[in-house]
Amino acid sequence: MDRIADRLAELDLELPQPPTAPPGVVLPFRWVRVSGGHAYISGHGPLDGSDVLVRGKVGDAVSPERGTEAARLTALSVFASLRQELGDLDRVTGWVKALGLVNCAPGFSGTPGVINGFSDLVIEVWGEPGRHARSAIGAAELPFEMSVEVEAIVEVS
């Protein structure tokens, strides 16, 4: 046990606080919902608690490289929610699907490269079980001005 926690430590990565609603906002859903052998992960952004760490449109105020970092931070936020819900990240036995959304400036079409920040970190931490199906879509706006939002489905034991 603790294989994933050890891997995070080896990579010198710390998980943020699990996401929470910003003050004055009610979110009537769960961040993670376990059903059968899967965990369904609601859309997460580059969050530390209720703090949005990267805001703005990729291809304008946010460079593509910073957008990729936002996607990586989003992965860490997802990991924090999974740990909170499951108690142990080793219960995640495989990554099935991720849907990545990028808050894009008009004309920006590099969404796959941005969302690679999420996918690459999942694979770096989980190895082969981290390889997942994925879509990367550009959006005109995202909640709370987040630069990136990702939802996912994982297999759990």
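Is Gly45 buried or exposed, and what is its relative accessible area? Gly45 is buried, with a relative accessible area of 0%. Here buried means under 20% relative accessible area, exposed means over 50%, and partly exposed is in between (1.4 Å probe, protein chains only).

Before going further, a word on the model. This is a predicted model, in which local features need pLDDT of at least 70 and side-chain atom pairs count only at pLDDT 80 or more, while totals for chains, interfaces and linings use all residues. Residues are numbered from 1 along each chain as its sequence is written, and side-chain values use heavy atoms, with hydrogens and water left out.

Gly45 sits in the loop between strand E2 (38-44) and strand E3 (47-48). Helices (H or I, at least four residues) and strands (E, at least two) are DSSP runs, numbered from the N terminus. From Gly45 to Ala133 there are 88 residues in sequence and 19 Å in space, C-alpha to C-alpha. Val92 belongs to strand E5, and at 2% relative accessibility Val92 counts as buried. Val92 and Ala39 are 53 residues apart in sequence, with their C-alpha atoms 8.5 Å apart in space.

**Salt bridges**

Side chains of opposite charge can pair when their charged atoms come close. A salt bridge is a side-chain nitrogen of Lys or Arg within 4 Å of a carboxyl oxygen of Asp or Glu. The structure holds five of these salt bridges, and the table shows some of them, including the pair Glu10 and Arg7.

| Pair | N to O distance | Relative accessibility |
|---|---|---|
| Glu10 and Arg7 | 2.4 Å | Glu10 60%, Arg7 22% |
| Arg30 and Glu85 | 3.0 Å | Arg30 48%, Glu85 33% |
| Arg131 and Glu128 | 3.1 Å | Arg131 49%, Glu128 58% |

The side chains of Arg30 and Glu85 meet in a salt bridge. Arg30 lies in the loop between H1 and strand E1 (32-35) and Glu85 in helix H2, so this pair ties together parts that are 55 residues apart in sequence. Arg30 is partly exposed, and Glu85 is partly exposed as well.

Glu10 and Arg7 are three residues apart in helix H1 (residues 3-10), so about one helical turn separates them. Glu10 is exposed, whereas Arg7 is partly exposed.

**A buried charge**

A polar atom of the Asp90 side chain lies 2.8 Å from the backbone nitrogen of Ile4.

**Backbone angles**

Most residues other than glycine have a negative phi. Asp12 has a positive phi, near 60 degrees, and Glu145 has a positive phi near 65 degrees. Asp12 lies in the loop between H1 and E1 and is exposed, with a relative accessible area of 70%. Asp12 and Leu76 are 64 residues apart in sequence, and 12 Å apart in space from C-alpha to C-alpha. Glu145 is found in the loop between strand E6 (133-139) and strand E7 (148-156).

**The largest pocket**

Rolling a probe the size of a water molecule over the atoms shows where empty space is left. On a 1 Å grid over the protein atoms alone, a pocket is an open set of points where a 1.4 Å probe fits, with protein on both sides within 12 Å along at least five of seven lines, and lining residues have an atom within 4 Å of a point. The largest pocket has a volume of about 170 Å³, a volume being the space filled by probe spheres set on the grid points, which are joined across faces, edges and corners. This pocket is lined by 16 residues, and Leu27, Trp31, Leu47, Phe144 and Met146 lie nearest its centre. The lining divides into nine nonpolar, six polar and one charged residue. Ala, Val, Leu, Ile, Met, Phe, Trp, Tyr, Cys and Pro count as nonpolar, Asp, Glu, Lys and Arg as charged, and the others, Gly among them, as polar.

Terms used: A polar contact is a pair of N or O atoms within 3.5 Å; within protein, one must be able to donate a hydrogen and the other to accept it, and residues adjacent in sequence count only if both atoms are side-chain atoms.
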